[in-house]
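This briefing goes through one structure by topic. Look at the sequence and the model first, then read the points below.

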Amino acid sequence: MELFLMTLISGIMVGGIYALVALGWVLIYKCSGVLNLAMGELTLIGAYVSLTFYSMGIPFILSIVLTLLIGIVLGILVERIFLDKLIGEPILAVIMVTVGISFFFKGLVEFIWGTDIRIFDPPIFSLKPVSIGFLHISTVYFWSFVLAIVLFLVFVAFFKYTRWGLSMQATADDETAALSLGVSARFVYAASWAIAFMSAGVGGALLGNINGVTISVGYLGLLVLPAVVLGGLNSIPGAVVGGITIGILQNFAGTYLDQYFPGGVKEIFPFAFMAVFMLFVPYGLWGWIKIERM
Amino acid sequence: MQETDRILRVNNIEVKYHEVILVLKGVSIEIPRGGIVGLLGANGAGKSTTLKSISGLLKVEVGEVTDGAIEFEGVQIHKKNAVDIAKMGIIQVIEGRKVFEHLTVEENLRVGAHLRKTGSVKDGLGLVYHYFPRLKEKRREVAGFVSGGEQQMAVVGRALMTEPKLVLLDEPSMGLAPMLIHEIFNILTKLNSEERISILLVEQNVKLALNVAPYAYILENGRVVMDDTSERLKENEDIKDFYLGLSEKGKSKSFADVKHYKRRKRWLT
């Protein structure tokens, strides 16, 4: 029973980090209809940038804030340099460009930081776990989860109550109608990339604290895909619930199935689950169902 | 009409799509400040294109004003982009009730207010709900699921939220029940007289438009073929014949008459 609860809780906590990256994914899709396949690399850059600031002796919280700022700048640059010219082109073309961007970023990271594993030194989170009753949760996971929830609430409030959040959703719904009201699509796309970069960056920084920072942090981007699809590609709550679900599934697969299917069932199980799930709920949990009027 | 009275002046514009397809071949329109002007014509005459060249949305569709000029309050705007034109106070209500389907009615309205100062959003909502009480009832509902008439109201209300000086309305009556059309046009007239919003009204429903707008232009094949006060247009034999469906009682029309009209129309341009 204790094993079950431990698996569940740590699954939820890991899911928090997935949720962060999934949020970035959903944001870009929600605003521009583009499936951003460079999400993993955004995470990677976030991890390295925050690590660099931290090793310069800047406190962790401050280096996260700086990572956010760099994320905004990079997001706007990416949109302006690569994607601006593609407004109005078929979505598939834009998606392929994001694949190109992902290779570009991966190369850039290897060029600047090399391929060795780096760690946050001195460690930020103490190795002593947080204890709630008989449950022991590692500090990194605990704070990642808290941060994911906080960011989630901030995003929800942003989209629900601020004019920019609403304008971004409006652009996703009908770009021309939004333009006719003076909402600039270019601004909206730049903003969505900036925000996605921010959330991926924080995710990357946290993940780097768990496993150290290497190129493999970037694979998280792909791992998060089931979470995004599960929640519905354009639902912010969906990203969080999807992320946490995937975290739990992965942990359970690791704990209970690994003995029967040794070697990597943990990584595959979420994808298998997603495939089956999609058969029954093709739009995901809270994805937009296209409104057709007869 | 006095020189200073005109809020918008479209001066003999020519519009091309993709640099080759000539759609407008010399359209001139003048709108008095605080007035309603009708822009009438059949399908494909170039009505929507005229509106889009004023609002700047033309550029999204790879169209361009290649000749002539558009002046808004004395400033040339045909080279400006849609966002800047919207900021100057020209708002186009595009045809087909393009609500933001996944947002609620009130969120739709608030998107319209995104250029306003924070404090005045409430005032704007109050104003819209004053003219469209039905929207207040439906304000928490998802806009994709309210009725067609309510969507049209939401779209006009959304334009109103931007505090426009000139609204370009593209076929507000399309696909609506006569009762609703009546209601919406009543509100439009009230908005014009009480809020002093100038309106350029594009309609295929000529009878309706001539009742609302005191002055109208008839567009055919990318050209203005006639413009006059609505009173006189209503009496014009050709207009009666081809747009209002009225002709001398009982007589069937022969094809020769139609050709005669076509000939004469060419002469008119």
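In chain B, 42% of the 269 residues are buried, where buried means that 20 or more other C-beta atoms, placed from the backbone, lie within 10 Å of a residue's own. This is a predicted model, in which local features need pLDDT of at least 70, side-chain atom pairs count only at pLDDT 80 or more, and totals for chains, interfaces and linings use all residues. Residues are numbered from 1 along each chain as its sequence is written, while chains are lettered from A and ligands numbered from 1 in the order in which they are written.

**Chain B**

- Chain B has 11 helices and 10 strands; helices (H or I, at least four residues) and strands (E, at least two) are DSSP runs, numbered from the N terminus.
- Of the contacts in chain B between residues at least 6 apart in sequence, 70% join residues at least 24 apart; two residues are in contact if their C-beta atoms, placed from the backbone, lie within 7 Å.
- Helix α7 of chain B (residues 178–195) has 18 residues and spans 25 Å from first to last C-alpha, close to the 26 Å expected at 1.5 Å a residue; the expected span is 1.5 Å times one less than the number of residues.

**Helix packing in chain A**

- Helix α1 (residues 2–32) and helix α6 (residues 163–173) of chain A pack at an angle of about 60 degrees, and their axes are 6 Å apart; axes are lines fitted to C-alpha atoms over the stretch in contact, with angles running from 0 to 180 degrees between N-to-C directions.
- That angle makes α1(A) oblique to α6(A), because angles under 35 degrees count as roughly parallel, over 145 as roughly antiparallel, 65 to 115 as roughly perpendicular and the rest as oblique.
- On the α1(A) side, Lys30(A), Cys31(A) and Ser32(A) meet Met168(A), Gln169(A), Thr171(A) and Ala172(A) of α6(A).

**The nonpolar core**

- The largest nonpolar core has 162 residues, and Ala22(A) and Leu23(A) have the most contacts inside it; such a core is a set of buried Ala, Val, Leu, Ile, Met, Phe, Trp, Tyr and Cys residues joined through C-beta atoms within 7 Å.
- Helix α8 (residues 185–211) of chain A gives the largest share of this core, 16 residues.
- Beyond its neighbours within four places in sequence, Leu23(A) is in contact with residues including Leu151(A), Phe152(A) and Ile236(A).

**Where the chains meet**

- The contact takes 18 residues from chain A and 26 residues from chain B.
- On the side of chain A that touches chain B, α6(A) gives the most, with 6 residues.

Conventions: A residue is buried if 20 or more other C-beta atoms lie within 10 Å of its own, exposed if 12 or fewer, and partly exposed in between; C-beta atoms are placed from the backbone.
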